[in-house]
Amino acid sequence: MTWLRVPGADDDKRSMGVLGVVTGSERYPGAAVLGVEAAWRTGIGYVRLWAPRRVQDLVLARRPETVCHAMDETSGSVDAWLLGSGQDARERDPALRALLLEALGSGAPCIVDAGALDLVRGHAGPTVITPHEGELMRLLGLRQRPFDRAAGAARIAAELDAVVVAKGAPTHVVAPGGAAVSLEARTHRLATAGTGDVLAGVLGALVAGSAAFAAAGDSLASMATEAVELHGEAAGMAAADGRPITALDLAEQLPAAVADRLSR
Ligand SMILES: NC(=O)C1=CN([C@@H]2O[C@H](COP(=O)(O)OP(=O)(O)OC[C@H]3O[C@@H](n4cnc5c(N)ncnc54)[C@H](OP(=O)(O)O)[C@@H]3O)[C@@H](O)[C@H]2O)[C@@H](O)CC1
Ligand SMILES: Nc1ncnc2c1ncn2[C@@H]1O[C@H](COP(=O)(O)OP(=O)(O)O)[C@@H](O)[C@H]1O
């Protein structure tokens, strides 16, 4: 079973999924580059990015096929939203807040990361959140380690009615109803900055590509599981022979990981 889409004669760029992305900031522009790169490399048809000009310029330098919008442009049509990577809620301006709330309230599927996690309670559509351990602690109101990440993820999934991807080693994917899987990546070389931003982009591509025919419920947890698997497989390829990897190395291996999965 795979959520990866292979285009056919009847497909076009829009039918392959339109992902709306609101990520990056003046402080963390690179997170937008990484997420957008990962979405393209996973096989999405169309990526639309809302971001400050500097972030747009950096994304376009790497991925000129991305369609960029100013923060005050109306949202238009997207199949799914990717929100929050490379943002800090404490530094959020009113335009960004309005855009995030509009996306979360739109009813479209949302992937919510990092600096948008504090707004997730306003979500109207099927939603996945991707907290790392520190972000999960914040959502749980915990101040001290150790704690049970799997149990914490299950509590938050039920409370928020959202799929939780609790990143780490292992990564726990928990559906709101409690169904859970734990996934070990092929390599611990993932312990490097920006690899979570890449995961969010992979997930965005899978959800946007699949939203037309499967929006909600268990499907979303299954998409999240496949995204974590693909991410771990691409990492294994990038880290062949134990070599160090950067987040972009990982993103560059995504097409090979996709092809490998489709050939099985
Ligand atoms: N190139 C770019 O643009 C990049 C941009 N990025 C963006 O940067 C933003 C900030 O994200 P962030 O993760 O660096 O810090 P933040 O969310 O403030 O949390 C830190 C607190 O959580 C805790 N903590 C516990 N476990 C942890 C874990 N596994 N990983 C990290 N922290 C963990 C830790 O506690 P400690 O372990 O120190 O006790 C600390 O208290 C975010 O928008 C992200 O998308 C990054 O993706 C990098 C590349
Ligand atoms: N030791 C490890 N072994 C395997 N995977 C890891 C390890 N440390 C981190 N990861 C994975 O790397 C990614 C890091 O994401 P995150 O903490 O959000 O970093 P960033 O915000 O810098 O992108 C997650 O997918 C996480 O599961």
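How many bridges join strand β5 to strand β6, and do they run parallel or antiparallel? I looked that up to open the notebook.

**Entry 1: ground rules**

I am working on a predicted model, where local features need pLDDT of at least 70, side-chain atom pairs count only at pLDDT 80 or more, and totals for chains, interfaces and linings use all residues. Residues are numbered from 1 along each chain as its sequence is written, while chains are lettered from A and ligands numbered from 1 in the order in which they are written.

**Entry 2: the sheet**

My opening question has its answer: three bridges join β5 (residues 110-112) to β6 (residues 127-129), and these two strands run parallel. Within that pair, I111 has V128 of β6 as its bridge partner. For the terms, strands (E, at least two residues) and helices (H or I, at least four residues) are DSSP runs numbered from the N terminus, and two strands pair if DSSP finds at least two bridges between them.

Next I traced the whole sheet. It is open, has nine strands and mixed pairing, and reads β3-β2-β1-β4-β5-β6-β7-β8-β9. At the edges I found β3 (67-69) and β9 (180-183), each pairing on one side only. Neighbouring strands are turned by 15° against each other on average, direction ignored; the axes are lines fitted to C-alpha atoms, for helices over the stretch in contact, and angles run from 0 to 180 degrees between N-to-C directions.

**Entry 3: strand β1**

Then I checked how covered β1 (residues 18-22) is. Five of its five residues are buried, where buried takes 20 or more other C-beta atoms within 10 Å of a residue's own, exposed takes 12 or fewer, partly exposed lies in between, and C-beta atoms are placed from the backbone. In a regular strand the side chains alternate between the two faces of the sheet. Here, V18, G20 and V22 sit on one side and L19 and V21 on the other, and both faces are covered. β1 pairs with β2 (residues 46-50) in the parallel sense over four bridges, with V18 opposite Y46.

S15 lies in the segment before β1. I noted S15 as partly exposed because it has 16 other C-beta atoms within 10 Å. S15 and P176 are 161 residues apart in sequence, and their C-alpha atoms are 28 Å apart in space.

Which positions carry the UniProt feature "binding site" along with A31? The unreviewed entry lists A31, G86, H132 and D197. UniProt positions are given in the numbering used here, feature names are shortened, and annotations may be inferred rather than shown by experiment.

I found A31 in helix α1 (residues 30-42). A31 counts as buried because it has 28 C-beta neighbours inside 10 Å. Leaving aside neighbours within four places in sequence, the contacts of A31 include S85, G86 and D197; contact takes C-beta atoms, placed from the backbone, within 7 Å.

G86 is in the loop between β4 (80-83) and α3 (94-105). G86 is also buried, with 25 other C-beta atoms within 10 Å. Among its contacts beyond four places in sequence are Y28, A31, A114 and D197.

**Entry 4: around ligand 1**

I counted 17 residues around ligand 1, the closest being Y28, G30, A114, E133 and G134; to be near, a residue needs its C-beta atom, placed from the backbone, within 6 Å. α1, α4 (133-140) and α6 (195-210) each supply at least two residues of this shell, and α4 gives the largest share, three. The shell divides into four nonpolar, nine polar and four charged. Nonpolar covers Ala, Val, Leu, Ile, Met, Phe, Trp, Tyr, Cys and Pro, charged covers Asp, Glu, Lys and Arg, and polar covers the others, Gly among them.

A169 is in the loop between β7 (163-166) and β8 (171-174). Is A169 buried or exposed? A169 counts as exposed because it has 12 C-beta neighbours inside 10 Å. Not counting residues up to four places away in sequence, A169 touches E184, A185 and H188.

For ligand 2, I found 15 residues around it, with H132, A169, L190, A191 and G196 coming nearest. α6 gives the most to this shell, four residues.

Methods. Two residues are in contact if their C-beta atoms, placed from the backbone, lie within 7 Å.
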